[in-house]
Amino acid sequence: MKKLVVILFFLLVSLTEMCAQINHKHYILMGKVELSKENYTEAIHNFNIATIAKPNDFEAYFLRGIAKFSLGDYSGAVEDFTRTLEIHPLYVRAYHYRGVANDRLSNYADAMTDYKQAISLDPFSEELHIASGSTLMHLNDYQNAVAEFDTALIINPENANAYISRGIAKRYLNDLDGALIDMNNAVYYDYFNIEAVVRKGMIELEREEYQDAMADFNNALRMDKDNPLIYFNRAIAYLNLGDTTAALKDYEKVNNLDQRNALTYFNRAIIYSIREEYDVALALYNKVIEINPQNIYGYFNRGILFYKMKDWDAAEDDFTTVIELFPDFIDAWINRAVVKFEKNDIQGAEQDQWHAKQIMAFVSEDQANVDSLFAHYSKMDYNKIINFESDFVDGNRQKTLIQFADIDIRPRGSLIVNITGNENYYIDATLSQISQTNNLDGKLAFVVNDLFNPNHQSYINDSIIESIDNQNLREFVNGIYNFEIFNYQRGETIFKSLLDDPVWGTYAGINLSALQNAKAELIVNDKSYDNSIYITQKKTTESFTQPQEKPDYQQSLITITNVLNKNRKNPYVWYNLGNIHLQMQEFEKAIEDYTKAIQFEKNLAEAYYNRALTLLYLNNKAQAIKDLSKAGELGIQEAYVVMKRFN
């Protein structure tokens, strides 16, 4: 124990000296370079190092906040801007950007407070008045928003963005003439401002000036041929001009550029359904539902399509799903009744008709009932069931931003002790000393178990094993080697033989539990059962015609529990226990385990990430977003993808 304390002291002293030697300005500069290249996760990595080197320098926190904001991590951005202001209370830009981040989080009162403070420090900033006006628009206070934009234009009469924003506000005040004048002014002062040109065209669409709108969209496309929003709006112009074929081509172009734009798939599906090209329409509705698995309109329209195709069972299933998501959707009850009549389910049809009449009677009694009807759904993230995913970010830009990546959302694997040569690892004092005093061609450290990954790179071979003088270390590495080549029985025997060793017992127990876990899943996979845990936007209960066997995690659980009883403060053991509880679908226990892991290792990124996914499954979105922010900050890029999909 005394030796361990000495090693820990040595590491702490070394860390202090290392921090003193870190070139703070270098990492700030490198972070700025990565920001300019839109490599936001790499920028965060650099700013993290800068904050370690100089914890009380506000610039690193501020710039990291900008990087997080750019990744859609608005909560994390607010935290960093707040930290900036704790260090530098008069930094106007931090108030400004924190206000914008709060606006994105729908914290409008906080946003207005930030803008007010910023304006008191810099009353002649046109951008601050524009930001304040934008938040007022989100509060539906269009008159005061216009006043803010007026102020911005008094400060700078040539600010195109102020004209654009004021034009949008006037549009919501039904002043289409004034809105068009503002958009024309925006184009006049900034001819190459694509947003101004597109907004001008959108106003013209509403004024039914379709040829003028078409001219504006064509002009915008000459400046940016890969902008999906322009194609989307031009498609609307084509539809109003009666050119359905051209509209479809533009919609297809949108989806080529933005493959997760559910709104465009939905519009295409409607057109193909009207044209009675049902197979194409069905494929498109399926895509809508794949992207937005809780959207009622995707299921509702697909149900109508199934009805037209006389697939009564499928139609009934879709209308049932709509009713489950939104029990007061009158048309879904009526349509399901019609389908049940087609299936000769007269009693079921009459019950559905009765439900529809009850809802209609409730709504018709008093207009206030409509508000109460929707109040319940507003508390349940109502937008999820009515809005389609549609960011209108072009495909080229999506490829450079991690939050738009298309990945399977699944928890990070358990940690094992292995030899690694990459930077993603955790290490303690004992493993550090072992790596330094033995020629292992890498570091012995805690790494995420990726042995099933076809890209896994092993750092162990026969010559390395034979070169190790320490017998127990040689045996341990041999156990890892057998684990890697899926020689489970041999690896299990080796790890068990080391469980009582004072140095290797904990590490052997961790690896043994992971091996037993992998073996349990492999046994079931051999029986054609896939037990991967996916976190989805909707809990589903699958019914099987025959009972399915699940992996038996008990042996793995017993092993890791025994290790934990001897190492109550080991974060990696708590984390692995959390993973086992998650696999066993004991979600509350998993959350408790991950929380313990974080308590003992505040930088354990995988614990934040897996806890976030578990919280999302349990519909605790607010806390999950905070955990995803921390996981992203600590290097798990997938956290930003998850945040993007669930925000």
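1. **Overall make-up.** The model is predicted, and its local features rest on residues with pLDDT of at least 70. The protein has 35 helices and two strands. Of its 647 residues, 49% are buried. Take the contacts between residues at least 6 apart in sequence: 57% of them join residues at least 24 apart. The accessible surface is about 32,100 Å². Carbon and sulfur atoms account for 49% of that surface.

2. **The largest nonpolar core.** This core holds 94 residues. Leu444, Phe476, Phe483 and Leu628 touch the most other members. Which helix gives the largest share? Helix α33, residues 605–617, supplies nine residues. Leucine 628 shows the packing in detail. Setting aside residues up to four places away in sequence, Leu628 touches Tyr609, Ala612, Leu616, Ala639, Val642 and Met643. In soluble globular proteins, nonpolar side chains tend to be buried together.

3. **Helix α10.** Is α10 largely enclosed or open? Ten of its 13 residues are buried, so the rest of the structure largely encloses this helix. The buried set includes Tyr163, Ile164, Arg166, Ile168 and Lys170. The cover over these buried residues includes α8 (126–138), α9 (142–155), α11 and α12 (194–206). The length of α10 also checks out. At 1.5 Å a residue, its 13 residues should span 18 Å, and the end C-alpha atoms are 19 Å apart, which agrees.

4. **Asp182 and Lys170.** The whole structure contains 31 salt bridges. One of them joins aspartate 182 to lysine 170, with the closest N and O atoms 3.3 Å apart. Aspartate 182 sits in helix α11 (residues 176–189) and lysine 170 in helix α10 (residues 160–172), so the pair ties together parts twelve residues apart in sequence. Are the two partners buried or exposed? Aspartate 182 has 1% relative accessibility and counts as buried. Lysine 170 is also buried, at 17%. The cut-off for buried is under 20%.

5. **Arg234 and Asp250.** Arginine 234 forms a salt bridge with aspartate 250, and their closest N and O atoms are 2.7 Å apart. Arginine 234 belongs to helix α14 (residues 228–240) and aspartate 250 to helix α15 (residues 244–257), so this bridge ties together parts 16 residues apart in sequence. Arginine 234 is buried, with a relative accessible area of 14%. Aspartate 250 is buried too, at 4% relative accessibility.

6. **Arg336 and Asp352.** In this salt bridge the closest N and O atoms of arginine 336 and aspartate 352 are 2.8 Å apart. What does the pair tie together? Arginine 336 lies in helix α20 (residues 330–342) and aspartate 352 in helix α21 (residues 346–365), so parts 16 residues apart in sequence are tied together. Both arginine 336 and aspartate 352 are buried.

7. **A charged network.** Some salt bridges are linked to one another. Arg64, Lys68, Asp80, Lys630 and Glu633 form such a network.

8. **Arginine 98.** This residue is in helix α6 (residues 92–104). Arginine 98 is buried, with a relative accessible area of 16%. Which residues touch arginine 98, beyond its neighbours within four places in sequence? Val78, Phe81, Thr82, Leu85 and Asp114 are in contact with arginine 98. Phenylalanine 62 is 36 residues away from arginine 98 in sequence. In space, the C-alpha atoms of the two are 9.7 Å apart.

9. **A nonpolar surface patch.** Ile334, Val338 and Met360 form a nonpolar patch on the surface. Together they have about 210 Å² of accessible area. Methionine 360 is found in helix α21. With a relative accessible area of 38%, methionine 360 is partly exposed. Aspartate 352, also placed in helix α21, is buried.

Conventions. Residues numbered from 1 in each chain as written. Predicted model: local features only at pLDDT ≥ 70, side-chain atom pairs only at ≥ 80, totals over all residues. Heavy atoms only, no water. Core = buried A, V, L, I, M, F, W, Y, C linked by side-chain atoms within 4.5 Å. Buried < 20%, exposed > 50% of the residue type's maximum accessible area, 1.4 Å probe, protein only. Helix = DSSP H or I, 4+ residues; strand = E, 2+ residues; numbered from the N terminus. Contact = heavy atoms within 4.5 Å. Areas by Shrake-Rupley, 256 points an atom, 1.4 Å probe, with all protein chains shown as cover. Salt bridge = Lys/Arg side-chain N within 4 Å of Asp/Glu carboxyl O. Patch = residues over 30% accessible without salt bridge, like charges linked within 9 Å, V, L, I, M, F, W, Y side chains within 5 Å. Expected span 1.5 Å × (residues − 1).
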